Amino acid sequence: MFGVVERALRSTAAEVLTWSMEATLVAMLAEHLNRKPEQKNSEARSWTASLPLLAKDLQEVGLGQVEMLLEFRLPVTSARADVVLSGVDPRTGEDSYVVVELKQWSQAELAYNSDRIVRASGLPDEQTHPIDQVRGYCKYLAQYVEVLHGRPEAVHGVAYLHNATENSISTLRARQPDRLGRMFTADGREDFLRFLTSKLAPAPGAMAAERLLASPIRPRSNLLTFAASALHSATEYSLLDQQQIAYQRVLDQVRLSHEQDQKSVVIITGGPGSGKSLIAVTLLSELHSEGKQVRHATGSQSFTESLRKYPAKGSTQLKGLFQYYRTFADYRRNQLDVLICDEAHRIRAVSTNRFTKKEKRTGRPQIDELIAAAKVPVFLLDEHQVVRPGEVGTFDEIYSHATRAGYPVHTVALDGLFRCGGSAEYDEWVRRLLGLRIGGPTKWVGDSSFEVRVAESPQQLQDFLRAKNDSGEVARITAGYCWPWSDPKPNDSLVDDVRIDSWSMPWNLKSDRAVNGVPSKLFWATDPAGFDQVGCIYTAQGFEYEWAGVIIGPDLVIRNGSFVSVRDGSQDKPMKSKNLFDDDFDRLTRNIYKVLLTRAMRGVVIYSTDPETQQFLTDLVP
């Protein structure tokens, strides 16, 4: 098992009403979420307006003893449901749970040419249809919470638009309800109350809440396992919130490209673990099953070859779905229906290299080649993962190329986190540590869903992670490229290049082929034998594992309370090039460590070779 559900703020209807009357409701929830209790922000206004209203409704129909789990965090993600009502099924006497999404919308309508994307009054961004939003939460809980596994009938979902009328949201009714997703407005309040009493008995819900909160969590499939399942058979996987919008936006544009012969570009942005590759693989599976001409592309040899080796195993056709960016230089215009450019921050200025024949060196931008190859090119990227000189996959570059060509561009920003235990706090801590967010480094205050440690030595780091790896929790050690990278010895054994005082380990293989049981560089992150070598940015980017060890080398050190980059500390030839400006070296170095520090699902162990940096980190992490 993976862990237990992080506790929500537990209450009953009476407690919520008391907190509301005493004006402490916002403070209670802010403390639970480890935030400042600001009364004027939109979240606080929502709590104040919606939660007491739901509490009154519960009391009115005799459900005052039902447990209200407020701001319920879904396991291994930063997504939260507004309320999970926990109680007793009036028919069976079994535990019963109702996930409630409370919407203050007074008016909403379906977005143009979509039945699952909504525009709500007063909100600048597009929203997931409330039925799909709560349905996604219910599916996710049933999939990962052990106590609910095999008991789908125990979970129900409802969106309550308590400020809206049927007329003001009439187009939303095109979306059909089911057990996991229903929608009620102020006009349908009596129906909403009848729904609640049909799923919850007028009895204490404390034990049901306790069983839900204490339940072990089923491990989340890694991307390669999920991709294999999705490509070979129908797979149920719950995309949440902005992930749903991104997925549906692409499908809508694919439909329009056929109905109206309309070419368009979709750009999806998001940080590490926000679900970009999950969306990419889900789209690939769906579109391929529909018979569309679709390809998945990256600029990463390790990532692409891993997708070919594991998910596409045994099928030449499936292996052909996974390609490299450079492949599309020779494609005809709109040869594909959809081109899914995963890890689009890896896009290079041009596809040609020193091995390209002279007559094929056109100088054409790689972005233009990718846009031209499909009716709907899709780009998924994180600008903080641009880590090499010559990579140009930024939002502005892609947007500029598309608009200059006259194509409409649709953008979706992902805001969830499905790695690092779903800890938004850790993601923010890393950004501030590396100077990628204003405010400077802060102390790590802890998060029950993700563990952060600073090792006293590289040996301690290795020993801790080896114990995790030996117990079945995949662990990997990575480092900045700050040591030479040798070829194997004549007997094919590896050289212990990464040396820190008396401790040493070898880098992963340079070769694409395994040697003496040591995995090739392509599969260092996925082969069990990869633990015995140190990986770097070239082999770690794009992958995730449960535990990460990160050795910060002499290329990034703390001076006067903040990190500074040191070019002489790097052994990476492209990074030491005289053609690379100091500012670019600094930006790329910080991005490299951002990637290395955000590969883990359960925890990270950090060590720095620089004494001042090591002491600084030790002071930050209790």
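At what angle do the axes of helix α7 and helix α9 cross? The axes of α7 (residues 223–232) and α9 (residues 276–289) cross at roughly 15 degrees and come within 9 Å. The model is predicted: local features need pLDDT of at least 70, side-chain atom pairs count only at pLDDT 80 or more, and totals for chains, interfaces and linings use all residues. Residues are numbered from 1 along each chain as its sequence is written, and side-chain values use heavy atoms, leaving out hydrogens and water.

**Packing of α7 and α9**

- The crossing angle makes α7 roughly parallel to α9 (angles under 35 degrees count as roughly parallel).
- α7 passes α9 in a right-handed crossing, in which the near helix is turned clockwise from the far one by less than a right angle.
- Leu223, Phe226, Ala227, Ala230 and Leu231 of α7 make the contact with Ser277, Leu278, Val281, Thr282, Leu284 and Ser285 of α9 (contact means heavy atoms within 4.5 Å).
- The residues of this contact comprise 8 nonpolar, 3 polar and no charged.

- Gln242 belongs to helix α8, which spans residues 242–259 (helices are DSSP runs of H or I with at least four residues, numbered from the N terminus).
- With a relative accessible area of 17%, Gln242 is buried (under 20%, using a 1.4 Å probe and protein chains only).
- Beyond its neighbours within four places in sequence, Gln242 is in contact with Glu126, Thr128, Val412, Ala413, Leu414 and Asp415.
- A polar atom of the Gln242 side chain lies 3.2 Å from the backbone oxygen of Ala413.

Conventions
Helix = DSSP H or I, 4+ residues; strand = E, 2+ residues; numbered from the N terminus. Buried < 20%, exposed > 50% of the residue type's maximum accessible area, 1.4 Å probe, protein only. Polar contact = N/O pair within 3.5 Å; in protein donor to acceptor, adjacent residues only side chain to side chain. Axes fitted to C-alpha atoms, helices over the stretch in contact; angles between N-to-C directions. Parallel < 35°, antiparallel > 145°, perpendicular 65-115°, else oblique. Nonpolar A, V, L, I, M, F, W, Y, C, P; charged D, E, K, R; others polar.
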